[in-house]
Amino acid sequence: MTASAARSISTDPVSLWGHVIEGFQGTNRHLHRTIAQEFSLTAAESEAVLRLGRSPEHRLPMTELAGQVAFSTGGVSKVADRLARRSLARRVANEEDRRVIFLQLTPEGVEVAGRLRARVHEVVQATFVDVLGAERALAVAEAMAVLAEARRD
């Protein structure tokens with residue numbers, strides 16, 4: 001859709017929301033197809049690796065990781081199992097509270113997280129920032145952050 005076509009979009013809230021969803025889903029599908037082809041990671045696995053990669057000591061309590069990526073604890077456990085089978089992450093007991101289990105990237109996982117972050121940056125730059133322009137991309141991100149904050153209970 002060109003900039004002139006964007007100005008002709010209906011202001012009906014249902015139509016507006018539909019365009020937001022369609023734009024996000026199409027862009028997100030492209031991103032995850034690219035990641036799956038290049039890294040053999042599912043969307044859930046790549047999200048976990050990215051979050052662990054930017055966390056202190058490259059680890060998070062599994063319950064916190066589940067909350068961040070909106071998984072059940074069972075779902076994050078399956079992701080942890082798959083990452084462990086690939087030697088990208090391991091479970092680590094918390095020395096202070098044995099009930100808490102961390103998921104921590106291995107050295108190989110840290111390396112993959114760095115390459116993954118760089119590739120996600122490239123794809124998002126090309127399919128989101130470059131398409132919208134830096135100013136509009138920032139406005140969209142700010143608007144979505146406001147919506148996310150409004151829904152936190």
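1. Valine 69 sits in the loop between α4 (62-68) and α5 (73-85). The structure is a predicted model, and the points below should be read as such.

2. Is valine 69 buried or exposed? Its relative accessibility is 13%, and buried means under 20%, so valine 69 counts as buried.

3. Which residues does valine 69 touch, once neighbours within four places in sequence are left aside? The contacts are with Glu47 and Arg51. Glutamate 47 lies 22 residues away along the chain, and its C-alpha atom is 7.2 Å from that of valine 69.

4. The protein chain has seven helices and three strands. Read from the N terminus, the order of elements is α-α-α-β-α-α-β-β-α-α. Along the principal axes, the C-alpha atoms fill a box of roughly 60 × 35 × 25 Å.

5. Of the 153 residues in the protein chain, 25% are buried. The chain exposes about 10100 Å², of which carbon and sulfur atoms supply 55%. Among contacts with a separation of 6 or more, 50% join residues 24 or more positions apart.

6. Mean pLDDT for the protein chain is 91, with 95% of residues at 70 or more. Where is confidence lowest, and where highest? The lowest is in helix α1 (residues 3-7), with a mean of 57, and the highest is in helix α6 (residues 107-132), at 97.

Key. Residues are numbered from 1 along each chain as its sequence is written. This is a predicted model: local features need pLDDT of at least 70, side-chain atom pairs count only at pLDDT 80 or more; totals for chains, interfaces and linings use all residues. Side-chain values use heavy atoms; hydrogens and water are left out. Helices (H or I, at least four residues) and strands (E, at least two) are DSSP runs, numbered from the N terminus. Buried means under 20% relative accessible area, exposed over 50%, partly exposed in between (1.4 Å probe, protein chains only). Contact means heavy atoms within 4.5 Å. Accessible areas come from the Shrake-Rupley method with a 1.4 Å probe; for residues, only the protein chains shown count as cover. pLDDT is the predictor's confidence in each residue, from 0 to 100.
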